Amino acid sequence: MAIADWAQDVSRGISRAVEDAQEGVGELFEPVIRLGVTGLSRAGKTVFITSLVANLLERGRMAQLSAQSAGRIQQVYLQPQPDDTIPRFDIEGHLDALHADPPRWPASTRAISQLRLSLRLRPENWILGLAGERVVHLDIVDYPGEWLLDLPLLDKSYADWSAEALRAAQSPARAGLAETWLRQMTGTDPAARLDEPAAQALAEAFRGYLRAGKEAGLSDLAPGRFLMPGDMEGAPALTFAPLPPAPQARSGSILRAFERRFEAYKRSVVQPFFRDHFARLHRQVVLVDVLDALHGGPRAIADLKTAMAEILTCFKTGRNGWLAPILGTKVDRILICATKADHLHHGQHDRLADITQALLTEARQRAKYHGAQTAAMAIASLRATVEQEITHDGAPLGMVRGTLQETGREAALHPGDLPEAPDEVLRDAGDGLEGWRAGAYGVMRFAPPRLASRAAGPPHIRLDRALEFLIGDKL
Ligand code: GDP
């Protein structure tokens, strides 16, 4: 990084420290908890936040939130968005979708957005009347997990990144996905003069490969903005792709142009996101669609494991060396949730949580070592099914019944038995198998349930427990 960039970063770091100190003064009176909600696309972020907000506004289903069961929450209300530079999370639009006839799932996260809820609380010792009520603000920040996959790019050169991306594209899990892009790349002379339409076509082919990877159930697909561009769609900083080395390439060549754009991407897209948004979070929930990856097979699980390790590396507080100024050190609780647990009978929820734990063990240990408390659980932000038990071959079988998204028909399904020991899943994934030794796990999409009224929070599984872990101590 050039010295001028460093100087700029340091001065930004200082001005942020001043801002933080000023915030700190205000926060003594009305504390603000910044809760980050992330996860790869379709992990369930939008549904999580929408249901969480609805269930905080109407708290009949929040018994496991201790401040609620102890009667300390007097009122919860939506506030104007405090940060003028971040779009507001469209809570009204998302709730309208869920309450439509027929109900629709809300539109998924495409970029960062934020929402402020305020909780008016009685003090813990209110019976003694020792102190008045207090207000805690909960800022919920929704952002694509794909953006966290960009962190490792920061200390890679374009040549290193290109070499790794080319190697990954040739791995068995990605066989066939990268063909079009690789063919186009092989036909490109990296030292040739930059021809913008050809450069765009190459970047688009590379993006097509990442999209195909996503479709095939893979997770570790960087650069993150290629799949989730946010407001960067079509920007030159996103018009690059890996190329093989060509030492003879001169400054007007396609290779040098891509190298410059790669550096611009790091400097103007990746760094500002971490510094201005990520570094300010206090608590974080990472949502993971483990069931979908199980359905995708061992290679999808292995890829998810790598992606999650990269995501959790961002929370390795304290030891990030030169990254410390842009990562911050505030996140002290991280919850990892396997979402959509309503696809399984409750008899299998513990297994889902165990598999999630096992997938993240190494990465979690590292985060814990550095001072953050972590937990993993299986949740459903919005329960779209009811349970049903049948007898099959003389034995009881737990099923879930709901309306299928594709056909609108009601169906009772058993997606397969998750293994009791998560090691089985890890072993098959580690061996790079194409299919599970023990059989397959089905997934299906359920339509959202018809919600009785807006006067009750939507049905969920363990959303209240998740919130208790995330912010219970602050209430
Ligand atoms: P995002 O990309 O992380 O914002 O993902 P969404 O929140 O939009 O969720 C993607 C899709 O997953 C939704 O459209 C639903 O089909 C499904 N989904 C999310 N949460 C749940 C849940 O709790 N239960 C069920 N059955 N489906 C869910």
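Which residues line the largest cavity?

The model is predicted, with local features requiring pLDDT of at least 70 and side-chain atom pairs pLDDT 80 or more, while totals for chains, interfaces and linings use all residues. Residues are numbered from 1 along each chain as its sequence is written, and side-chain values use heavy atoms, leaving out hydrogens and water.

**View 1. The shell around the ligand.** The ligand is surrounded by 19 residues, the closest being Arg42, Lys45, Thr46, Ser108 and Asp342, where a residue is near if one of its heavy atoms lies within 4 Å. This shell divides into seven nonpolar, seven polar and five charged residues, with Ala, Val, Leu, Ile, Met, Phe, Trp, Tyr, Cys and Pro counted as nonpolar, Asp, Glu, Lys and Arg as charged, and the others, Gly among them, as polar.

View 2. A backbone N or O atom of Ser381 lies 3.1 Å from an oxygen atom of the ligand. Taken alone the ligand exposes 580 Å², of which the protein buries 98% (Shrake-Rupley method, 1.4 Å probe).

**View 3. The largest cavity.** Leu291, His343, Leu344, Pro415, Leu418, Tyr441, Gly442 and Val443 line the largest cavity, a cavity being a set of points on a 1 Å grid over the protein atoms alone where a 1.4 Å probe fits but cannot get out, and lining residues having an atom within 4 Å of a point. Six of these lining residues are nonpolar, two are polar and none is charged.

Technical notes. A polar contact is a pair of N or O atoms within 3.5 Å; within protein, one must be able to donate a hydrogen and the other to accept it, and residues adjacent in sequence count only if both atoms are side-chain atoms. On a 1 Å grid over the protein atoms alone, a cavity is a set of points where a 1.4 Å probe fits but cannot get out, and a pocket is an open set with protein on both sides within 12 Å along at least five of seven lines; lining residues have an atom within 4 Å of a point.
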